[in-house]
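These are my notebook entries on a structure I looked up.

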Amino acid sequence: MALFAATNDKINMQVTYETKIKEVAHYPLLNQYAELYGRVERALFCDLHVRRLSLNDLKAAYQPHFGITARQFNSVRTFLDGKVKAVREGLALRLSNLREKVKSTEKNVAEMVKKLTQLHKNKNKQPTTEPGAAHKLRFKLHHKKRRLHLLRTKLTRLEAEAARPVPHLTFGSNKLFRTQFHLKENGYSSHAEWQAAWRAARSSQFVCVGSKDETGGNQSCTYFPADHTLRLRLPHALIVEGGDKYLIIGDIAFQYGDDVIRAALNVEGGQALTYRFIRRAASTRTGYATNEYEWFVQVT
């Protein structure tokens with residue numbers, strides 16, 4: 001399948017490829033990066049979308065406060081904006097679908113009322129008309145009206161949510177948040193155990209957003225295909241005294257898409273590459289120790 005346009009040597013579609021990070025010695029530092037990223041993201045959501053503070057002022061304040069670079073702040077902000085946009089677009093789609101359901105149900109109710117009225121007229125004119133027909137229709141109409149009431153109630157709630165200036169965004173997922181109210185049913189022996197899972201979910205990824213005018217399409221994270229390494233720029237807060245500001249991750253091999261990534265790195269004029277690091281529960285333990293989880297990296 002052709003992934004590149006023939007003109008201007010530019011990628012004409014967005015693609016993402018993933019590989020596992022095999023050097024588990026780096027996992028603790030990746031965990032720290034993700035935990036810091038999560039704290040910055042949640043604080044920025046409150047300051048930017050709830051308190052409506054100035055983005056430029058926040059960028060200047062966040063760098064020394066959290067010990068991050070300007071590019072790392074930009075990555076958090078860009079990915080957070082994407083989440084907020086996705087929530088709003090998802091809500092708009094749900095509203096559109098629900099309004100269509102309400103409209104369709106209202107039409108069905110009107111048709112059933114009309115049909116029931118006609119049955120009563122026919123019964124008066126022709127007493128031999130089947131008496132059970134009207135009863136069955138009334139029963140169906142009753143439940144259809146109940147459904148309409150539920151749909152309208154849900155629509156009112158969604159419209160109120162859409163009118164909120166601050167989007168409803170749960171870091172860690174709504175599903176996991178709700179499991180704390182039914183711990184045993186969801187496999188947790190205590191609230192503390194759930195809380196550990198909740199904190200882990202809220203610090204399970206971080207993103208390095210790239211730009212076409214940066215070296216390798218991304219100055220915060222750069223892929224070197226010749227020696228199969230990733231160079232990850234660490235936040236200032238995670239650099240030990242006298243230590244390197246970069247984390248070099250070796251044995252990186254994209255089984256699928258390596259040729260596409262290499263081509264993107266060589267595009268004339270530059271091509272932005274965004275890297276997303278994700279921690280997942282380990283599915284296998286073959287080949288090396290995983291300590292119950294594994295880290296993956298995606299490049300887009």
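Entry 1, a helix pair. I began with helix H1 (residues 27-50) and helix H2 (residues 55-66), which pack with their axes 12 Å apart and at an angle of about 150°. I note that the model is a predicted one. Angles over 145 degrees count as roughly antiparallel. H1 and H2 are therefore roughly antiparallel to each other. I recorded the crossing of H1 and H2 as right-handed.

Which residues of H1 and H2 make the contact? On the H1 side I listed Leu-36, Arg-39, Val-40, Ala-43, Leu-44, Asp-47 and Leu-48. On the H2 side I listed Leu-55, Leu-58, Tyr-62 and Phe-66. I then sorted the residues of this contact by kind: nine are nonpolar, two are charged and none is polar.

Entry 3, the sheet. I next looked up an open sheet of three strands, whose order is S3-S4-S5 and whose pairing is antiparallel. Which strands lie at the edges? I found strand S3 (221-224) and strand S5 (246-249) there, each pairing on one side only. From one strand to the next, the twist averages 15°.

Entry 4, the bridges. How many bridges join strand S4 to S5? I recorded four bridges between S4 (residues 229-233) and S5, and these two strands run antiparallel. I also looked up one residue pair: Arg-231 has Ile-248, in S5, as its bridge partner.

Conventions. Residues are numbered from 1 along each chain as its sequence is written. This is a predicted model: local features need pLDDT of at least 70, side-chain atom pairs count only at pLDDT 80 or more; totals for chains, interfaces and linings use all residues. Side-chain values use heavy atoms; hydrogens and water are left out. Two strands pair if DSSP finds at least two bridges between them. Axes are lines fitted to C-alpha atoms, for helices over the stretch in contact, and angles run from 0 to 180 degrees between N-to-C directions. Angles under 35 degrees count as roughly parallel, over 145 as roughly antiparallel, 65 to 115 as roughly perpendicular and the rest as oblique. A crossing is left-handed if the near helix is turned anticlockwise from the far one by less than a right angle, and right-handed if clockwise. Contact means heavy atoms within 4.5 Å. Ala, Val, Leu, Ile, Met, Phe, Trp, Tyr, Cys and Pro count as nonpolar, Asp, Glu, Lys and Arg as charged, and the others, Gly among them, as polar.
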